[in-house]
Amino acid sequence: MKNKSNLLLDAINRAVPQIEEEKENSNKIDNSKKQNLSRFGTKLIAGHFDPKIARQLRIIAAEEDTTVQALLEEALNLLFVKKGKSHIGGLTND
């Protein structure tokens with residue numbers, strides 16, 4: 001039979017990976033909550049495009065020190081004006 005200290009060490013060694021996993025899962029939940037709060041009151045608009053288009057958008061965003069989100073906002077406002085709709089300032093919550 002194992003002595004008490006060995007039994008305690010075995011129990012601790014089994015518990016440590018579980019504790020680490022719980023901490024990681026908790027961090028993931030906290031990050032998703034923050035992300036969800038920043039999207040409160042917004043609606044996702046999406047489309048499928050050639051990867052070259054996505055790359056070019058990222059390049060322009062980097063060159064202009066802005067985000068793809070801001071570029072899409074600008075593009076949508078240009079479209080609205082072209083189609084006779086009013087310009088909507090501050091479409092995003094960035």
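This is a predicted model: local features need pLDDT of at least 70, side-chain atom pairs count only at pLDDT 80 or more; totals for chains, interfaces and linings use all residues.
Asp65 sits in the loop that lies between H2 and H3.

Asp65 has a phi near 50°, a positive value although the residue is not glycine. As a matter of background, most residues other than glycine have a negative phi. Is Asp65 buried or exposed? With a relative accessible area of 72%, Asp65 is exposed, because the threshold for that class is over 50%.

The protein chain contains 3 helices and 0 strands, and from the N terminus on its elements run α-α-α. Of its 94 residues, buried ones make up 4%. The chain exposes about 8,800 Å², and carbon and sulfur atoms supply 57% of that area.

Together with Leu8 and Val16, Ile12 forms a nonpolar patch on the surface. The three residues of this patch have about 270 Å² of accessible area together.

The remainder of my talk concerns helix H3, residues 68–82.

Which residues of H3 are buried? They are Leu71, Glu73 and Asn77. These residues cover an arc of only 160° around the axis, which means that they lie on the same side of H3. As for their partner, the buried residues of H3 pack against helix H2, residues 51–63.

Glu74 also has its place in helix H3. This residue is partly exposed, because its relative accessible area of 46% lies between the 20% and 50% limits. How far apart are the C-alpha atoms of Glu74 and His87? The separation is 9.7 Å, for two residues that are 13 residues apart along the chain.

Finally, let us consider what comes after H3. The helix is followed by Gly84, which has a positive phi, near 80°.

To conclude, I return to two points. The chain is built with 3 helices and 0 strands, and the buried residues of H3 pack against H2. Thank you for your attention.

How values were computed
Residues are numbered from 1 along each chain as its sequence is written. Side-chain values use heavy atoms; hydrogens and water are left out. Patches are made of residues with over 30% relative accessible area and no salt bridge: like charges are joined within 9 Å, nonpolar side chains (Val, Leu, Ile, Met, Phe, Trp, Tyr) within 5 Å. Accessible areas come from the Shrake-Rupley method with a 1.4 Å probe; for residues, only the protein chains shown count as cover. A salt bridge is a side-chain nitrogen of Lys or Arg within 4 Å of a carboxyl oxygen of Asp or Glu. Helices (H or I, at least four residues) and strands (E, at least two) are DSSP runs, numbered from the N terminus. The expected span of a helix is 1.5 Å times one less than its number of residues. Buried means under 20% relative accessible area, exposed over 50%, partly exposed in between (1.4 Å probe, protein chains only). The arc is that of the directions from the helix axis to the C-beta atoms. Contact means heavy atoms within 4.5 Å.
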